[in-house]
Amino acid sequence: MWKCNIEILITNSGLRKDFIAQKLNTTTRQLRKYEKFELYIPMEKALMLAKLLEVKVDDLYEKEE
């Protein structure tokens, strides 16, 4: 099973969600779906998000044991 860390990483970054959504060329609603793991984030947007948050793409998700 996988755990999504996007919401935690965004909160810790101090960046506003509307700013991040704009940079990803998406809506805040879509970003929320990525955070809640209702949708998988496309790789292109995952790469952009990781760069914005100054983390590795691997940090967006983690495998739970």
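Colleague: Is Y61 buried or exposed?

Modeller: Buried means under 20% relative accessible area, exposed over 50%, and partly exposed in between, with a 1.4 Å probe and protein chains only. Y61 is buried, at 18%. This is a predicted model: local features need pLDDT of at least 70, side-chain atom pairs count only at pLDDT 80 or more, and totals for chains, interfaces and linings use all residues. Residues are numbered from 1 along each chain as its sequence is written, and side-chain values use heavy atoms, with hydrogens and water left out.

Colleague: How many aromatic pairs are there?

Modeller: Rings of Phe, Tyr and Trp (its six-membered ring) pair if their centres lie within 6.5 Å; planes under 30 degrees apart count as stacked, over 60 as edge-to-face and the rest as tilted. The count here is 2. One is F37 with Y40, edge-to-face at 5.3 Å between centres and 90° between planes. F37 also pairs with Y61, tilted, at 5.2 Å and 40°.

Colleague: Which parts does the pair of F37 and Y61 tie together?

Modeller: Helices (H or I, at least four residues) and strands (E, at least two) are DSSP runs, numbered from the N terminus. F37 lies in the loop between α3 (28-35) and α4 (43-53), and Y61 in strand β2 (residues 61-63), so the pair ties together parts 24 residues apart in sequence. F37 is partly exposed, at 27%, and Y40 is exposed, at 65%.

Colleague: Where does N5 lie?

Modeller: N5 lies in the loop between β1 (2-4) and α1 (6-13), and is buried at 9% relative accessible area.
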